[in-house]
Amino acid sequence: MGFLSKLFNRKDDNNKTGGMEDYMQLVRVYFQASIAANVGITNLAMLPDLRVFKSTLHVQTVNNKLGLGEKSACRKMLKDIYGTDDLFFKEVDQSIRKNCRKMQDVQVYLIQFQGFTQDIMMLMGNLMKFKLRLPSFFKSALYKMTEKTVAELFTKNDYTDPAVLKAVVAIRQYNNRLGFSQKWISDFVYQVVMLAKKEPKPTDDQEAKK
């Protein structure tokens, strides 16, 4: 079991450090740390992923303000493990400053981001389909396909499948509030896709249990 899997009490032996689940967990930690620093949250119970991260890694509170030291520690891990660039952190912080100005905004924002990521990953999987089966060494081609599909989500209006059209509208509404650039969304989706391709495929026994 990987270090981060142990950190967040996951018991699936197939989860290795640096996998998709670890990445999404660290993303949530960074969002929660940025929110804490921006809004001035002192109650860690409001931010469960941040609480586990801080207590397990013994991250020191900086300048008596929750979130600053935790952001720095989480940023370093995302950069070291995943090569996450500065654009990711810059746009997250901008989005949070825009949307989380008081305590009452926090839960709404976190729910919006969760809905946004779930909808966009499901829709991208549906729209790209066979393209996602490309071997991982076709990184450049896969990124360009991801970038093109993301761009179409915000410009194309002639989707014929009602379910796809509904999801596109929801994603546009979410992002109108969240304010992420198409570059940010493309990078995020591409990272998740590449990590998902490295995940071990379920065995027949695991499929049968579903």
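Modeller: In this predicted model, rings of Phe, Tyr and Trp count as a pair if their centres lie within 6.5 Å.

Biologist: How many aromatic pairs does a search of the whole structure find?

Modeller: The search covers the whole structure. With the 6.5 Å limit on ring centres, the number of aromatic pairs found is 13.

Biologist: Which class does the pair of Phe116 and Phe180 fall into: stacked, tilted or edge-to-face?

Modeller: A pair of aromatic rings is described by the distance of the centres and the angle of the planes. For Phe116 and Phe180 the centres are 6.2 Å apart and the planes make 35 degrees. Stacked needs under 30 degrees and edge-to-face over 60, so the pair of Phe116 and Phe180 is tilted.

Biologist: How many residues apart in sequence are the parts that Phe116 and Phe180 tie together?

Modeller: Phe116 belongs to helix α6, while Phe180 sits in the loop between α8 (162-178) and α9 (182-198). The pair therefore joins parts whose separation in sequence is 64 residues.

Biologist: Are Phe116 and Phe180 buried or exposed?

Modeller: The cut-off for buried is under 20% relative accessible area. Phe116 has 0% relative accessibility, and Phe180 has a relative accessible area of 5%. Phe116 is therefore buried, and Phe180 is also buried.

Biologist: Which residues do ring pairs link into a cluster with Phe116 and Phe180?

Modeller: The cluster is built from ring pairs. Besides Phe116 and Phe180, its members are Tyr23, Tyr30, Phe31, Tyr82, Phe88, Phe89, Tyr109, Phe113, Trp184 and Phe188.

Biologist: How is helix α6 oriented to helix α7: roughly parallel or roughly perpendicular?

Modeller: Helix α6 (residues 105-128) packs on helix α7 (residues 139-155) at about 115 degrees, and the axes are 11 Å apart. Angles of 65 to 115 degrees fall in one class, which means that α6 is to α7 roughly perpendicular.

Biologist: How many charged residues does the contact of α6 with α7 have?

Modeller: From α6 come Ile120, Leu123, Met124, Leu127 and Met128, which meet Leu142, Met145, Thr146, Thr149, Val150 and Leu153 of α7. By class, nine of the residues in this contact are nonpolar and two are polar.

Key
Residues numbered from 1 in each chain as written. Predicted model: local features only at pLDDT ≥ 70, side-chain atom pairs only at ≥ 80, totals over all residues. Heavy atoms only, no water. Axes fitted to C-alpha atoms, helices over the stretch in contact; angles between N-to-C directions. Helix = DSSP H or I, 4+ residues; strand = E, 2+ residues; numbered from the N terminus. Parallel < 35°, antiparallel > 145°, perpendicular 65-115°, else oblique. Contact = heavy atoms within 4.5 Å. Nonpolar A, V, L, I, M, F, W, Y, C, P; charged D, E, K, R; others polar. Phe/Tyr/Trp six-rings, centres within 6.5 Å; stacked < 30°, edge-to-face > 60°. Buried < 20%, exposed > 50% of the residue type's maximum accessible area, 1.4 Å probe, protein only.
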